[in-house]
Amino acid sequence: MTLFREQAYIGGEWIDPGPDSHAAIDNPATGETIGHVPQLDADRMDRAIEAAVVRFADWRDTAVAERADRLLAWYRQMLDNREALARLMTAEQGKPIDEARGEVDYAASFLRWFAEEARRTTGATIPPEDPSVSIGTLREPVGVAAVITPWNFPLAMITRKAAAALAAGCTTLVNPARQTPFCALALAVLAEQAGLDRGEFNVVTGSGRQFAERVCADDRVRALSFTGSTEVGRSLLRQAADTVKCTSMELGGNAPFIVCDDVEIDAAVDGAIAAKFQTSGQDCVAANRIYVHRRLYDKFVDRFTTRMNAMTVGNGLDEDTAIGPLINTDAVDKARSLVADAAERGARVLGRDQGDAPGPNYFMPTVVADFTPAMRVSSEESFAPVAPITAFDDDDAVIAAANDTIYGLAAYVYTHRDARIRKFLRGLEYGMVGINTMDITGPHVPFGGVKQSGLGREGAHIGIEEYLETKYYCIGGLDG
Ligand code: NAP
């Protein structure tokens with residue numbers, strides 16, 4: 001069975017591109033074209049919506065055990081094809097192969113998790129004020145759910161949404177990022193094998209903008225879930241307002257990573273290296289601003305830079321690569337301009353020469369030491385292996401600095417003092433806080449942000465709530 005498809009997947013059928021309507025997808029490490037995918041026009045997108053609407057009528061009434069079984073079959077298919085999925089991901093996204101394997105596991109874990117959660121979408125009975133009536137709630141699927149996903153986690157961002165939606169009894173329309181459609185189509189191949197083959201799971205390739213227009217204009221699509229930038233999220237919220245959809249938004253981040261003076265410095269450096277450079281820095285929960293207590297600052301910068309300089313930069317398919325290419329040259333240009341802005345405003349730029357980059361899509365990892373709030377690195381998400389580090393003296397001041405952003409996705413604090421842990425937990429305006437660890441994700445945790453990092457939560461027990469409505473009932477006439 002090949003996982004590589006150059007067709008969209010709609011209503012259980014593989015759809016070829018029309019003439020002149022396919023896009024080339026390139027490997028960011030080599031620039032080679034991997035293949036082509038259909039750019040579906042508005043008419044085909046409307047047909048996809050129709051397929052999901054038709055199938056919803058049956059899927060919502062499919063026994064919950066059967067829905068769960070299909071998700072579990074899909075989960076097993078993913079694990080059985082782990083290496084092929086990982087290699088495909090590295091080829092189209094660029095991330096190091098071992099991280100790609102980890103993402104396959106992570107993505108699959110949502111299928112199992114929500115298969116289990118499907119059975120727990122229970123309603124409630126409510127003690128009535130009038131004993132002659134019976135009152136309660138039913139949990140019902142919202143309806144057709146449209147899903148728009150980014151390129152940095154091309155499998156997991158899909159399964160984290162689609163598994164919850166399918167478990168709830170919704171059918172799904174997935175529009176994958178333009179750069180990484182092949183992972184989404186590989187998921188569709190496996191979904192088909194798992195019996196999700198009649199329009200429950202549709203992969204609608206083509207422009208995200210056009211997809212958003214079609215689904216937002218259609219009243220029958222009842223939910224819109226998006227992971228991507230805050231800028232696009234704002235625009236989608238405006239568009240979704242026209243048909244008052246249920247929306248969930250996982251948007252940008254600007255994660256602070258705070259190292260207090262009571263910790264063992266090497267553990268903090270380990271955590272900061274992982275939090276900064278996973279996915280080559282292209283991660284919404286990546287450490288974007290590192291604050292280190294002045295007593296440890298010089299030593300921390302030194303050890304962090306030494307560790308960073310030892311990381312292998314190259315094609316993600318090489319097993320020893322730690323940092324792969326960025327997604328495109330625009331991302332490299334942005335990283336360059338952030339570092340140049342910081343240097344002009346007085347930061348120290350540390351790391352290897354950019355001339356050593358192995359290709360046009362690479363950015364050599366760089367420390368921006370002594371950053372200040374006036375620098376763009378402080379307020380903008382770099383989405384690159386750029387590590388701004390600065391010193392702090394006072395816990396209250398560093399909490400204020402950490403919160404001085406429109407974002408509120410993830411934050412990390414390294415300290416072992418109980419009182420400090422409580423203070424940071426209370427003070428940080430973030431949806432997720434890691435204390436003495438950067439390893440904070442998994443299917444069992446509620447992933448999401450506050451402020452302009454988003455609305456709603458994915459994963460955990462509450463992740464399925466985004467796809468459920470509550471219907472209240474009141475039955476009278478029971479006394480005769
Ligand atoms: P993006 O530019 O917002 O694009 C994400 C998706 O939105 C793509 O599929 C894209 O489709 C689509 N899109 C772009 N413009 C659109 C429009 N006007 N209307 C509707 N859809 C549109 O983000 P990205 O560069 O791919 O991903 C990076 C961002 O995602 C970062 O800010 C990161 O923090 C955030 N992110 C957040 C999370 C989280 O869980 N909170 C997770 C991962 C990433 P096309 O490809 O067709 O343009």
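Student: To start, which loop does Val133 lie in?

Tutor: Val133 lies in the loop between strand S5 (124-126) and strand S6 (134-141), where strands (E, at least two residues) and helices (H or I, at least four) are DSSP runs numbered from the N terminus. Before going on, note that this is a predicted model, in which local features need pLDDT of at least 70 and side-chain atom pairs count only at pLDDT 80 or more, while totals for chains, interfaces and linings use all residues. Residues are numbered from 1 along each chain as its sequence is written, and side-chain values use heavy atoms, with hydrogens and water left out.

Student: Is Val133 buried or exposed?

Tutor: Val133 is buried, with a relative accessible area of 17%; buried means under 20%, exposed over 50%, and partly exposed in between, using a 1.4 Å probe and protein chains only.

Student: And what is Val133 in contact with, leaving aside neighbours within four places in sequence?

Tutor: With those neighbours left aside, Val133 is in contact with Pro128, Cys474, Ile475, Gly476 and Leu478, contact being heavy atoms within 4.5 Å. Val133 and Leu71, in turn, are 62 residues apart in sequence and 38 Å apart in space, C-alpha to C-alpha.

Student: Changing topic, what does the domain assignment of the chain give?

Tutor: It gives domain 1 (8-252 + 453-472) and domain 2 (255-404 + 410-442), with bounds that come from an automatic or database domain assignment. The C-alpha centres of domain 1 and domain 2 lie 31 Å apart.

Student: How many residues are in contact between domain 1 and domain 2, and what area do the two bury between them?

Tutor: On the contact side, 22 residues of domain 1 meet 27 residues of domain 2. The two domains bury about 1,900 Å² between them, with 58% of it on carbon and sulfur atoms, where buried area is the accessible area (1.4 Å probe) that two parts lose on being put together, summed over both. In domain 1, Pro28, Pro96 and Trp151 lose the most area to domain 2, together accounting for 25% of what that side buries.

Student: What about salt bridges between domain 1 and domain 2, how many are there?

Tutor: The count between domain 1 and domain 2 is 1 salt bridge, defined as a side-chain nitrogen of Lys or Arg within 4 Å of a carboxyl oxygen of Asp or Glu. Across the same interface there are also 5 residue pairs in polar contact, both residues at pLDDT 80 or more; a polar contact is a pair of N or O atoms within 3.5 Å, where within protein one must be able to donate a hydrogen and the other to accept it, and residues adjacent in sequence count only if both atoms are side-chain atoms. Helix H3 (82-93) and H4 each supply at least two residues of the side of domain 1 that touches domain 2, and the largest share of that side, 5 residues, comes from H4.

Student: Where is Ser280 found, and what does its side chain reach?

Tutor: Ser280 is found in the loop between helix H9 (265-277) and strand S13 (287-293), and it is buried, with a relative accessible area of 1%. Its side chain reaches the backbone nitrogen of Gly324 at 3.0 Å. Beyond its neighbours within four places in sequence, the contacts of Ser280 include Pro96, Glu99, Ile323 and Ala384.

Student: Is Thr279 buried or exposed?

Tutor: Thr279 counts as buried, at 3% relative accessibility, and its place is also in the loop between H9 and S13. Not counting residues up to four places away in sequence, Thr279 touches Gln93, Lys95, Glu99, Asn152 and Phe153.

Student: Now the nonpolar side: how many residues does the largest nonpolar core have?

Tutor: The largest nonpolar core has 103 residues, and those with the most contacts inside it are Trp74, Met78, Phe201, Ile290, Phe300 and Phe304. Such a core is a set of buried Ala, Val, Leu, Ile, Met, Phe, Trp, Tyr and Cys residues joined through side-chain atoms within 4.5 Å. Its largest share, 11 residues, comes from helix H4 (residues 97-117).

Student: Why does this core lie between domain 1 and domain 2?

Tutor: It lies between them because both domain 1 and domain 2 give residues to this core. A second, separate core of 31 residues includes Trp151, Leu338, Val339 and Ala402.

Student: Last one, what is phi of Asp370?

Tutor: Phi of Asp370 is near 65°, a positive value in a residue other than glycine. Asp370 is partly exposed, with a relative accessible area of 27%, and its place is in the loop between strand S15 (366-369) and helix H12 (376-379).
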